[in-house]
Amino acid sequence: MSNGPISLSNALASFDALWSPRVVTHVNDYDVRVAKVQGEHIWHVHDDTDEFFLVLDGELRISLREPAGERTVLLPRGAVFTVRRGTPHRPYAPEGAAILMFEPTGTPTVGDRRDEIPDHVDATTGHALGA
């Protein structure tokens, strides 16, 4: 990790894989990750941690299953949103987006509980295969 400024644009330009976050720095015991996303991720839950999203470019939607029912939040460029621990959610970006996430180090991108993972996603990391 660098001890100087980090260009998020350069970090995002260094890879093409979708739904495959890259750690750009650490804050205490947290990873600051950037990712390129497009299409749908899987429904999943983080049992022990909240998940913070900042949309750097494009537009992200996050569907949530809450006690009051299912809803979707729309996050345009520059918006932030926190999914509370224990909340089933599914991020998706029909047109693509670049996002920044803030999570405890080692948090799996597919959560602790999840729907069946499609064949094109690594079951351990949640990263797209062949990207």
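Two strands pair if DSSP finds at least two bridges between them; strands (E, at least two residues) are DSSP runs, numbered from the N terminus. This is a predicted model, in which local features need pLDDT of at least 70 and side-chain atom pairs count only at pLDDT 80 or more, while totals for chains, interfaces and linings use all residues. Residues are numbered from 1 along each chain as its sequence is written, and side-chain values use heavy atoms, without hydrogens and water.

**Exercise 1.** Determine how many bridges join strand S4 to S7 and how many join S4 to S8.

*Solution.* Begin with S4 (residues 51–58) and S7 (residues 80–83): they run antiparallel and are joined by four bridges. Within this pairing, Phe53 has Phe81 of S7 as its bridge partner. Next, S4 and S8 also run antiparallel, with six bridges. Here Leu54 stands opposite Leu100 in S8.

**Exercise 2.** Classify the geometry of the ring pair Tyr30 and Phe102.

*Solution.* Rings of Phe, Tyr and Trp (its six-membered ring) pair if their centres lie within 6.5 Å; planes under 30 degrees apart count as stacked, over 60 as edge-to-face and the rest as tilted. The structure holds one such aromatic pair. The centres of Tyr30 and Phe102 are 4.9 Å apart and the planes lie at 5°, so the pair is stacked. Tyr30 belongs to strand S2 (residues 30–40) and Phe102 to strand S8 (residues 89–104), so the pair ties together parts 72 residues apart in sequence.
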